Structure formats: C-alpha cells, structure tokens
Amino acid sequence: MRGGRRVAIVGVGYSDAGRRTGLSERHHAAQAARAALADAGLESADIDGLTTWGGNPIDFAHMLGFSPLRWHLDVGISPAFISPAIHAAHAVASGQADTVVAMRVILQQPSRANLWAGGTGMAFDAQFQHPFGDLMPAQWAGLLTNRYLHESDATEEDFANFAVTQRGYAARNPEALMREPMTVEDYLAAPYISKPLRLLDCDYPCDSGAAVIFTTEERARDLRQKPVFVEATGLSANHDMTFELLPDMVRTSPVHCLQQLWSNTDLSAADLDCAQLYDGFSVITLQWLEALGVCEPGQAGPFVSSGGTSLTGALPTNTDGGACNVGRRHGANFCIEATRQLRGGQSGERQVADAEVAIWANAVGPFSGAMLLTGS
Amino acid sequence: MTQQADLARPAPPEMVIDALSAPFWAAARERRLELQRCQDCGLFIHLPRPVCRRCGSFRLAFEPVSGRGSVYSYTETRRVFHPFFADRVPYLLASIELAEQADLRILSNLVGIAEPDVQFGMAVEVTFEDLSPDLTIPVFVPAGSLA
C-alpha cells in the first residue's frame, strides 16, 4: 500500500465450520482467533486491534484476552470479509495499531431472519421488495445472472463448467465441506432457485469463523510463517443496497473497485498467479474475471469452459473450491487461500507453482472490495 | 387484471411504511403509479429518499408516471421463501426501466405472461393487484394487453 507502514498477513485460522454446528458466534470467533494466533506464533498480548463482521469486537477482545485494545471496528453490512480486512490493514499501515485480528463470524441458522430484518435503511427499502415476493439474495442474483446471460456469450453450460471446476479444486482441499465429484449433468439437474440461477450457483450456508492477523513488516519478519504482504487495496460503493435496481447489472462496482486498486500499485492483472474471486453466486466471479480483464468483455463463460480458471489455466481461480464448496465464509476463505498460496506449499494438491502475486475480492453490485497480496 | 384478496391466505410479509413512502402506497391503492420527484431539478427518485442525490434539494414530492417501461432483467422464482407466495410459485420478478428517465428502475412482478415468452427490452405497462384489503401493489403486463 502506498503511504504508511508496510503491512503483512502473518496468521490465518478457521473455526470448526459446518452445518448447524450448535456453536455460538463467540465459540466460532474464539476457535478462529486462537487458530490464527497459533499459525502466526503470536500471544494474546501481542494483539492491539480487532475488527469483525459478526459479533462484537470489544466483546471478542475481552473474551480472548486482547486487552486493552487501542483500535477496534464493528463492521456491519459490507462487502463481506474484505471490509474488516482492508480496515485492519490500513489501521496497521497508519500506526493506529500494530497487530490486528480481522474476523468474519457467520452462523447458518438465523441468516434468513437477519436478511429480512436488515438494518434501519434496509428495513425501509424492503417494502419495495417483499410484497413482490422478492425476499432472498438468490432472487437478485437471478436478475443479475439473467442479464449477464443476455449480454454475454456465456451459456448455462459455462455456468455448469464453473461449478464443476470449483468442485474439482474442493476435491483437493481437505477443509472443503463439499468434495464429492460433480459433473455438468449434475449441475444441470439441480433445481432452479430463481431461474436461471440454480442451486449449485449458490454458496453453501454453514456456521463458520475465520480470522486473519495483520501486522507490520518489521514484526512479521520474526514470526512463524513466511510473511505475505498487502500490496494494494480497493473499495467501491456506487449504489444503495437494492441490487434489483442497479442501472447496469453486468458492469457493477468491481470495475471501479479495481481502478482504485491498480492505481495504488505498479503491478497489473498480468502479474497475477492466482485469483480468489467472490462466488456467493457464480455470476459474481464471472463479473470479476471480466473486470480484471483476463478475458474480453462477455467472454468469462467461455474462458471458464476452456479451462482458464483451472490449475493449469491462464489464471487459477478460487483454488480452495470457493464458497459453494468450503461453505459460506464470506470471502475470508479467499484471503486465507491467497495467503496460503503465496506462502508456498500450504495449498497441497491445489498449490499454484511459484505463486508470487494473488488477488482476492469480495461482493458485487452496489459494493465491493479487493486486496492484492504478494509473497515478497 | 386485478385479483381480489383471499382472506384465508397467509398475510403478506410485514412491511414498514412511513411518511416518506406512504404516498407511493396510497397512490397504488387508487391504481396510480406515483414516484418521488425532485421539485427543483426534476429527477425522479426511486426508492424514496429524504434528499435529491443530484442537486441536494429536500423539496421532493410524488408525481404520477406513465406506467410504461421495458424489461431490463427478470427471474422466475421457483422456491417458496414466504408462505404468502406458496400458491404463486413460480412467479416472475423483473427490474423494469420506466419511460420517464434513463436508468429509472422499479422492481415488480411480470404477470399475464409465461417465463419463456418474456423478452429483454419488451414493452410493459403497469396494472395493480390487491394483495390484501390494505395493500395494493403495482405489477406489469405486456404493453397493450390491458386494452
């Protein structure tokens, strides 16, 4: 990042994620944070900042013995894990804190009730959605997917190949929740949720906690893991939260987000060794691929079907299997996977050889964020 | 095209109507589509907001619109996400571009047409459907089908 101290990721960790684990937000937060500390070789006393979406950072910090904190941030509805991650990185860069834990804690069970309740503004806006039967994100995703199919060269078979490619990565990831082989026929046999969006275009709801620790380059050099550096970040917000009313459903905020990111680094998309691009719904990853310019506009579907995102393709993408398979970690999985790829040798059978530069990105539509990481 | 509410059905999802949005729903009850418009710069604003994002004016009022538009995107929901909609699945949601202003969109239902017959950009017009004795929503049909 330009300006401020150089920032590194030094620890990553997950809770025991799964379907209806029966564990609380605090439990998932505690497991994830302790795992990240152990990964880094840090003690509780080393942490002086905490941010989370899900749960409360002040509460978590006391529970975990990160006390006193000198920086904390409670992140609400936002572009998934990228938001706490970017804020944590900038807190370290600016000197507001030295070593910050960024978290995403998300429980499967209450998600629908939470979505319906929304925040203050969203509850108001829901009156223009709910009476029409527009109740779940899969439905705006249906609108975005259909418009994308209309404007692009993508076909349903391309979406099938996307899901199959992701499952292929998941088969090589022992932490993935969905690992059994999948075929194009399996995808096409899966029911529509909101046509043309199918069940296997959706991320897999689960209970999970994830934690990533950011600190200064100087401290990172003394820790257990090879540091992975934050080269640049980008954030964008260009509409209110009503995805259904986006004037352009194909070229959404990732375009602007990446303009911000690339303006902060000398690297370019041509330098990427792998990409971890949000896949809450399949069409989101396709939008990011086009926003990155790794294929021509409208060509992300054929790019996927021709193997462009596979381990031997032009840009290995979503190499942990993505949220459809590792479960809904809301992008934290992509930060963790990018970090492991750049450490080298930590991504097992899905390791990208000599990976030096990785991007991970979250969200789509009205808001999004991305972070560029380097291995040296 | 209107349907009478069936009192035996589950209630529609609860919604928060306040002073800002009440004129929209009051107009719908009277089978008019009205949207918020800036009284200084003329921008139509949907969803309703306290301020004009183009000129910063707080002088906003609801005005009738033609109810004509075109289909920007659509999706056919196949799942029951709320009991009220159990007997309507599958149903069509659409983002409609209204004729009054570029990029002016409204989310609604497409009715009177089957999913395979919907075309991107097809002309549609508004009609109204009673969901309950207290709630009428604007929905859209293919242009000319109201005759």
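Arg20(A) counts as exposed, because 11 C-beta neighbours lie inside 10 Å, and a residue with 12 or fewer falls in that class. The model in which this residue sits is a predicted one. Arg20(A) belongs to the loop between E1 and helix H1 (25-40) of chain A. Its phi is near 40 degrees, which is a positive value in a residue other than glycine.

Ala80(A) also has a positive phi, near 55 degrees, and is likewise a residue other than glycine. Is Ala80(A) buried or exposed? Ala80(A) has 28 other C-beta atoms within 10 Å, so it is buried; the cut-off for that class is 20 or more. The loop that holds Ala80(A) runs between E3 and H3 of chain A. A further backbone feature of chain A is the peptide bond from Ser67(A) to Pro68(A), which is cis, with omega near 0 degrees. Pro68(A) is placed in the loop between helix H2 (57-64) and strand E3 (71-74) of chain A.

Chain A has 14 helices and eleven strands. Its radius of gyration is 19 Å, close to the 21 Å that the globule rule gives for 376 residues, so chain A is as compact as a globular protein of that length. Along the principal axes, the C-alpha atoms of chain A fill a box of roughly 55 × 45 × 40 Å. Of the 376 residues of chain A, 59% count as buried. Among the contacts in chain A with a separation of 6 or more, 75% are between residues 24 or more positions apart.

How is chain A divided into domains? The domain assignment gives domain 1 (1-109 + 207-225) and domain 2 (136-199 + 231-376). Between the C-alpha centres of domain 1 and domain 2 of chain A the distance is 23 Å. Their contact draws 21 residues from domain 1 of chain A and 26 residues from domain 2 of chain A. On the domain 1 side, the elements that give two or more residues are strand E1 (7-14), helix H3 (82-94), strand E4 (99-106) and strand E7 (208-216) of chain A. H3(A) provides the largest share of that side, five residues. By class, the side of domain 1 of chain A that touches domain 2 of chain A has 15 nonpolar, four polar and two charged residues.

Chain B is also divided by its domain assignment, into domain 1 (16-64) and domain 2 (66-147). The C-alpha centres of these two domains of chain B are 20 Å apart. Domain 1 of chain B gives six residues to the contact and domain 2 of chain B gives ten. The side of domain 1 of chain B that touches domain 2 of chain B is made of three nonpolar, one polar and two charged residues.

Chain B contains an open sheet of three strands in the order E2-E1-E3, with antiparallel pairing. E2 and E3 of chain B are the edge strands, and each pairs on one side only. Strand E1 (residues 34-38) of chain B is joined to E3(B) by five bridges, and the two run antiparallel. Within E3(B), Glu63(B) stands opposite Leu35(B). The loop between strand E2 (44-45) and strand E3 (60-64) of chain B includes Leu47(B). The peptide bond from His46(B) to Leu47(B) is cis, with omega near 15 degrees.

What remains is the contact between the two chains. How many residues does each chain give to it? Chain B gives 32 residues and chain A gives 31 residues. Strand E4 (68-77), strand E5 (91-98), strand E6 (105-110) and strand E8 (135-142) of chain B each supply at least two residues of the side of chain B that touches chain A. The largest share of this side, five residues, comes from E4(B). By class, the residues of the side of chain B that touches chain A are 16 nonpolar, eight polar and eight charged.

Definitions and conventions
Residues numbered from 1 in each chain as written. Chains lettered and ligands numbered in written order. Predicted model: local features only at pLDDT ≥ 70, side-chain atom pairs only at ≥ 80, totals over all residues. Contact = placed C-beta atoms within 7 Å. Helix = DSSP H or I, 4+ residues; strand = E, 2+ residues; numbered from the N terminus. Nonpolar A, V, L, I, M, F, W, Y, C, P; charged D, E, K, R; others polar. Domains from an automatic or database assignment. Rg over C-alpha atoms; globule rule 2.2 N^0.38 Å. Pairing = 2+ DSSP bridges.
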